[in-house]
Amino acid sequence: MIASSFLACLPLAPKDPILGVTEAFQADSNPHKVNLGVGVYTDEQGKLPLLRSVALAEDRLNTLKSARGYLPIEGLGRYIRQVQTLVFGENSPALREGRLVTVQSLGGTGGLKLGADFLRWFHPAAEVWISDPSWENHRALFEAAGFTVKSYPYYDPETHGVNFSGLLHSLEKAPRGTIVVLHACCHNPSGVDLSAAQWQAIRTVVVERGLTPFLDLAYQGFSRGTEMDAASVRYFSELDIPILVANSFSKSFSLYGERVGALTVVCADREEAQRVQSQLKRVIRTNYSNPPTHGASIVATVLEDSNLRQLWQDELAGMRNRIQSMRLALVSYLREALPDQDFGFVAEQQGMFSFSGLNLAQVRRLRQDFSIYAVDTGRICIAALNEHNLERVVEALARVIAGASGI
């Protein structure tokens, strides 16, 4: 008989609010099931695409037949240079002055985790504030690092827009030193983004209150293009305060399984950058030692080559435009099915997601009665829609919404 151990009373952990939806979807035997929960771009055939730019880069790398040695702790140098240029711009003063410290990470989540651990070591008394709502993992990541996590107002369900007065008023009362997590573009889960004027107003409050901005740039290129989607990051990089940015290539390169991301810290000068890099390397060393090679090599190969880079930009624009066409089609179909209700706000949202307005009971009925899966918050992934499943999704949405409203 095995002696009792600390594992004997270990409770079963709750399912992840997003990945748990996919597990339920995979267990569903309905051949017409649709997964609107997970944040993955699929093409018109409902398949995960292999970008041609990625395939060509892989072909080029395969001809080299390189050995697979350890990378430096901070990651692949050529990849780091391309991240800095893409995110901050070729003419970035911070880049030119050597004030950017970038480390390769295990996806955007890994970049957030490295940043959270680094901040916990050197800014431990701070609170972390995230938007309400926010990506579910934001709270978990920072709480796991040991921070107290609070929320600032963001989404207004009445207007389907940003509660900007509430957001600004909240940040104006934040304790000095508060770490404020901001979605750089394509707000997840709402799809509602800030205007340039609103970003400038937030930047002013950040400076006045001595806040530390941590920008999450997971969807660069999915709103208005890679340059415009990085505008918020570049606004903050002009400031004489510490800035952290986590970015990801999972969506933009369709490299989900390669876990290709980065964390960048904007420093005051080169000397400070050297000290920051030395400490970030300690965080990485005690976490996973050093990052993998393949995904970063693909991204670097594409971004270094002008032809491959342009091909990637064209493919990224194709994904962005298809998502927007699905938004417009969804709004049009819903207008026909439910003429007394206005879903025009869906067309105004940006990126892969939409806050549909569905409540928990409606989300559960979608799953149980129609095998259509969404996150409990009502967030749906517009990128999962296509001409083959759109009518079925709209019919189910209409029946669920009409049933709830008594139509």
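Predicted model: local features only at pLDDT ≥ 70, side-chain atom pairs only at ≥ 80, totals over all residues.

Modeller: Start with helix H7 (residues 164-172) and helix H8 (residues 196-209): their axes come within 9 Å and cross at roughly 15°.

Biologist: What makes H7 roughly parallel to H8?

Modeller: The angle. Angles under 35 degrees count as roughly parallel. The crossing is at roughly 15°, so H7 is roughly parallel to H8. The hand of this crossing is right-handed.

Biologist: Which residues of H7 and H8 meet?

Modeller: From H7, Phe164, Leu167, Leu168, Leu171 and Glu172; from H8, Gln198, Ala201, Ile202, Val205 and Arg209. By class, that contact has seven nonpolar, one polar and two charged residues.

Biologist: How many aromatic pairs does a search of the whole structure find?

Modeller: It finds 12. One of them joins tyrosine 79 and phenylalanine 249, at 5.9 Å centre to centre with 70° between the planes. Tyrosine 79 lies in helix H3, while phenylalanine 249 lies in the loop between strand S9 (243-248) and strand S10 (260-266), 170 residues apart.

Biologist: What makes the pair of tyrosine 79 and phenylalanine 249 edge-to-face?

Modeller: Two tests. Centres must lie within 6.5 Å, and planes over 60 degrees apart count as edge-to-face. At 5.9 Å and 70°, the pair is edge-to-face.

Biologist: How do you know whether tyrosine 79 is buried or exposed?

Modeller: Buried means under 20% relative accessible area. Tyrosine 79 is at 0%, so it counts as buried. Phenylalanine 249 is at 1%, so phenylalanine 249 counts as buried too.

Biologist: Why is the pair of tyrosine 219 and phenylalanine 353 called edge-to-face?

Modeller: The ring centres are 5.9 Å apart and the planes stand at 90°, so the pair is edge-to-face. Tyrosine 219 is in the loop between strand S8 (212-217) and helix H9 (226-229), and phenylalanine 353 is in strand S11 (residues 353-355), 134 residues apart. Both are buried.

Biologist: Which residues do ring pairs link into a cluster?

Modeller: Tyr79, Phe249, Phe253 and Trp312.

Technical notes
Residues numbered from 1 in each chain as written. Heavy atoms only, no water. Axes fitted to C-alpha atoms, helices over the stretch in contact; angles between N-to-C directions. Helix = DSSP H or I, 4+ residues; strand = E, 2+ residues; numbered from the N terminus. Parallel < 35°, antiparallel > 145°, perpendicular 65-115°, else oblique. Left-handed = near helix turned anticlockwise from the far one by under 90°. Contact = heavy atoms within 4.5 Å. Nonpolar A, V, L, I, M, F, W, Y, C, P; charged D, E, K, R; others polar. Phe/Tyr/Trp six-rings, centres within 6.5 Å; stacked < 30°, edge-to-face > 60°. Buried < 20%, exposed > 50% of the residue type's maximum accessible area, 1.4 Å probe, protein only.
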